[in-house]
Amino acid sequence: MQLEFTLNGMVRRLDVEPDETLLDVVRERLGLTGTKEGCDEGECGACTVLIDDRPVDSCIYPALAVEGLAVRTVEALSAPDGALSHLQRAFVDRAAVQCGFCTPGLLMTLTALLESNQNPSSSEVDDAIAGNICRCTGYSAIREAVRRAVEEVSA
Amino acid sequence: MFRAVTTVDAALRALDELGPGAQVIAGGTDVMIQRMTGSLSKSEPLVHIGRISEMRGVSLGSESITIGALSTHRDIRTDPILAAHLPSFVQASSTVGGWQTQEVGTIGGNVCNASPAADLGAPLLMAQATLVLVSSGGERRLQAADFFLGRRQTALEFGELLTAIEVPIPAPGSWETYIKIGRRSAMEVAIVGLAARFVVDGAVSAARLAFCSVAPRPMRVPDAEVSLVGTMLEDEAIAAAGRLCASAVSPIDDQRATASYRTSVVPRLVRQAAEACRSELV
Ligand SMILES: Cc1cc2nc3c(=O)[nH]c(=O)nc-3n(C[C@H](O)[C@H](O)[C@H](O)COP(=O)(O)OP(=O)(O)OC[C@H]3O[C@@H](n4cnc5c(N)ncnc54)[C@H](O)[C@@H]3O)c2cc1C
């Protein structure tokens with residue numbers, strides 16, 4: 001079936017199957033492999049993308065349900081010249097990445113948080129990323145990175 | 001096949017045309033996984049109702065609050081009408097999965113999927129909600145108690161949609177909560193959940209206790225509710241109600257918890273809810 005949606009600012013038109021997930025379309029059909037497949041059942045958040053600015057698990061989201069909507073993946077976070085976003089920069093500076101598999105999903109969820117709430121409390125940060133599982137960092141470096149990104153934007 | 005519709009009428013036409021095999025998909029957080037794992041057949045057509053805007057949103061009437069079936073857990077969690085009148089719904093939706101699940105999962109999907117652990121089942125039953133079911137033949141209204149029939153079984157018939165949930169506005173002096181026990185505090189399916197309401201006017205004039213995850217369907221414990229009427233939620237009254245609840249439930253062992261653990265948690269949840277109410281109201 002025909003699907004048309006906006007991916008990272010570009011209109012995409014393609015044929016997809018009824019049960020194809022948004023993750024399949026983004027990675028396999030459109031070749032954007034920044035979004036990761038973790039658990040494939042909506043539990044781990046590695047596949048988080050933003051649909052109309054809201055975080056969703058793309059591994060259980062039917063691709064055909066994004067008809068006409070705007071999807072953003074981790075590839076859209078940096079500027080066209082490659083400059084990292086404040087949040088990405090803070091992840092690098094605070095070493096909030098170890099194996100890196102959960103990082104794209106965490107960046108998308110936290111980007112959605114910071115776009116809707118410029119100064120989240122630590123419990124708001126924890127609540128926002130409850131659906132993003134990181135087995136390496138223990139989350140403290142991630143929390144610090146968020147705080148740093150907040151400080152930089154407000155500075 | 002994936003048929004996307006944007007009105008209730010179009011959805012009902014599609015269901016009639018496609019026949020009993022057709023699967024309604026709202027957010028798809030249950031349906032997609034069930035089709036991936038084979039508990040639902042992938043060869044059956046999908047009718048995607050997620051964009052029917054007339055089925056989404058919360059409105060306050062003179063006697064009841066109407067919650068559109070497509071309202072997401074995020075909608076419910078952030079709704080000021082529900083925060084003011086039905087905080088147990090807000091609390092229950094806040095505990096469903098993570099942010100990503102809450103953005104996509106709907107109250108209608110939670111209720112129609114009818115998992116014994118569905119968080120919204122308990123507040124629906126506690127609040128004596130009415131479910132509005134619509135088909136091409138017309139509309140019927142069912143009490144929550146008549147809608148949940150068993151584990152993953154509801155009174156919903158082929159060709160029917162749940163369009164809205166109507167919840168009576170609680171009486172003055174009502175206090176309510178939803179408490180959920182999981183293995184950890186977030187991203188957990190309930191081991192036991194309790195939606196409790198106490199109407200307090202000096203003493204307790206009415207009480208309602210509805211549990212999820214302790215029986216095939218959400219259940220109230222009328223004996224325990226009645227036992228609290230006329231009390232001031234004294235420790236002994238709470239303990240007695242907790243014992244009645246523990247003897248009424250029929251939980252099972254599963255990968256999350258044993259039946260005996262569930263039963264032992266039941267009176268503790270009653271105590272937690274009643275003590276919280278007592279410290280605020282009595
Ligand atoms: C990671 C994860 C965590 C979760 N955690 C929880 C949790 O903590 N607590 C909990 O209770 N649930 C949980 N769930 C289950 C699920 O997210 C919820 O039950 C959600 O509310 C389902 O809504 P949906 O719109 O996605 O339903 P769908 O998957 O679209 O539909 C579910 C069922 O309801 C039917 N249906 C949906 N809407 C209607 C309607 N309006 N009329 C008629 N039939 C309808 C469908 O045909 C299907 O049978 C979790 C799921 C995931 C993936």
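This is a predicted model: local features need pLDDT of at least 70, side-chain atom pairs count only at pLDDT 80 or more; totals for chains, interfaces and linings use all residues.
Residues are numbered from 1 along each chain as its sequence is written, and chains are lettered from A in the order in which they are written. Local features need pLDDT of at least 70, side-chain atom pairs count only at pLDDT 80 or more, and totals for chains, interfaces and linings use all residues, while side-chain values use heavy atoms, with hydrogens and water left out.

**Confidence**

The predictor gives the complex an ipTM of 0.97 and a pTM of 0.98. Chain B has a mean pLDDT of 97; pLDDT is the predictor's confidence in each residue, from 0 to 100. In chain B, 100% of the residues reach 70 or more.

**The two chains**

Helices (H or I, at least four residues) and strands (E, at least two) are DSSP runs, numbered from the N terminus. The radius of gyration is taken over C-alpha atoms, and the globule rule is 2.2 Å times the number of residues to the power 0.38.

| Chain | Secondary structure | C-alpha extent along principal axes |
|---|---|---|
| Chain A | five helices and five strands | roughly 45 × 30 × 25 Å |
| Chain B | 12 helices and 14 strands | about 60 × 45 × 30 Å |

Chain B has a radius of gyration of 19 Å, close to the 19 Å that the globule rule gives for 282 residues, so chain B is as compact as a globular protein of that length. Chain A has 155 residues and a radius of gyration of 15 Å, which agrees with the value near 15 Å for a compact globule. Along the sequence, chain A runs β-β-α-β-β-β-α-α-α-α.

**The interface**

Contact means heavy atoms within 4.5 Å. By that rule, 25 residues of chain B touch 32 residues of chain A. The two chains bury about 2,200 Å² between them, 60% of it on carbon and sulfur atoms. Buried area is the accessible area (1.4 Å probe) that two parts lose on being put together, summed over both. Three residues, B:F2, B:W99 and B:Q100, supply 33% of the area that chain B buries against chain A, more than any other three.

Eight residue pairs are in polar contact across the interface, both residues at pLDDT 80 or more. A polar contact is a pair of N or O atoms within 3.5 Å; within protein, one must be able to donate a hydrogen and the other to accept it, and residues adjacent in sequence count only if both atoms are side-chain atoms.

On chain B, the elements giving two or more residues to this side are α2 (31-37), β3 (46-48), α3 (73-77) and α6 (99-104). The largest share, five residues, comes from α6(B).

**Salt bridges**

A salt bridge is a side-chain nitrogen of Lys or Arg within 4 Å of a carboxyl oxygen of Asp or Glu. Between chain B and chain A it is three. A:D19 pairs with B:R35, with the closest N and O atoms 2.7 Å apart.

Within chain A, A:D93 and A:R89 form a salt bridge at 3.6 Å, N to O. These two residues are four apart in helix α2 (residues 86-93) of chain A, so about one helical turn separates them.
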